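Colleague: I'd like to learn how to read disulfides in a model. Can you walk me through it?

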Amino acid sequence: MAPAVLLALLAPVALLAPGLGVALPGCDYPAHLWCSSREIAVACQAESRCANLSRPAAAPVELSLYYESLCPACRWFLVQELFTTWLLLPAEALSITLVPYGNAEVGAGPTRCRGRSPPRRRPCSDRLVLQERNISGKWQFQCQHGPEECLGNMIEACLMHEGKNFSTYFPVIFCLESGSSVTKNLEACLQVYAPQLDGGRIAACVRGDTGAALMHRNAQLTEALDPPHEYVPWIVVNGKHTDELQEQAEASLLGLICRLYQGEKPKACGGSAAPKTPAGCRR
């Protein structure tokens, strides 16, 4: 047997925690898969030992989406632009953070819309005033589109908490946001995109203190935005939000990411690097 082949077979064994033969905390993959992709290697803290993974030439473009689960404009952007772009680009080029948080109009008058001109015929974004209350030591939330939106936000926050890996939970969120009901289709979406996740654990998170704590954290992240957000979806690229970046992302997110990424251009950008098929979204 060639030395290189032998080393490849022995590598997973060497990656086990010293003397324990178990994966590191936060790694939900068997050892023989730890070097199968950069995302898994990072989760299992095995990057330095996976010789087959070439290091990225540049940092990925960082995109954060602040949104509401029932906001029409948010759903449009997540389904039509964000998910499609994520499918086309490798993880080395794009890193995404999702922050669902419920909001309400409180003494702000009629809801204002921010959207594109009528020819685009897409939903416009809603102006927001944040509201969360701590009652008897428990966080309670009031959302712009009512209690169902608060539930949808919490379901997606708990899904992220339980799913841990973006490639595991994002296809499920896409399924929820593109379907007929964000709050009623969790089990069906899990069955198709992430059958390894336990719907009961997600439901327990939603009903318990963990879900409220996750939403409080999302509230803090939203309130800490600089400049303060005025509407949703609110898109932050590489730590910055400007009207120009927002407009470019909504018009063509793929084009924006391709222009900003400084590494070898992926195939979807007209380069030679081919995109990866994401876990949980088999073709």
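Modeller: A disulfide here is a pair of cysteine sulfur atoms within 2.5 Å. Keep in mind that this model is predicted. By that rule the count comes to five disulfides.

Colleague: What is the handedness of the link of C27 and C44?

Modeller: That link is right-handed, with 60 degrees about the S-S bond. The two sulfur atoms sit 1.9 Å apart. The pair links distant parts of the chain, 17 residues apart: C27 is in the loop between α1 and α2, and C44 is in the loop between α2 and β1. Both C27 and C44 are buried.

Colleague: And which hand does the disulfide of C158 and C205 have?

Modeller: The torsion about that S-S bond is about -75 degrees, so the disulfide of C158 and C205 is left-handed. This pair also links distant parts of the chain, with C158 in helix α4 and C205 in helix α7, 47 residues apart.

Colleague: Are C258 and C269 buried or partly exposed?

Modeller: Buried means under 20% relative accessible area. C258 has 12% relative accessibility, so C258 counts as buried. C269, with a relative accessible area of 24%, is partly exposed. Their sulfur atoms are 1.8 Å apart, and a disulfide joins them.

Colleague: Why does C74 count as buried, and how far away is the nearest cysteine sulfur?

Modeller: C74 counts as buried because its relative accessibility is 1%.

How values were computed: Residues are numbered from 1 along each chain as its sequence is written. This is a predicted model: local features need pLDDT of at least 70, side-chain atom pairs count only at pLDDT 80 or more; totals for chains, interfaces and linings use all residues. Side-chain values use heavy atoms; hydrogens and water are left out. Helices (H or I, at least four residues) and strands (E, at least two) are DSSP runs, numbered from the N terminus. Buried means under 20% relative accessible area, exposed over 50%, partly exposed in between (1.4 Å probe, protein chains only).
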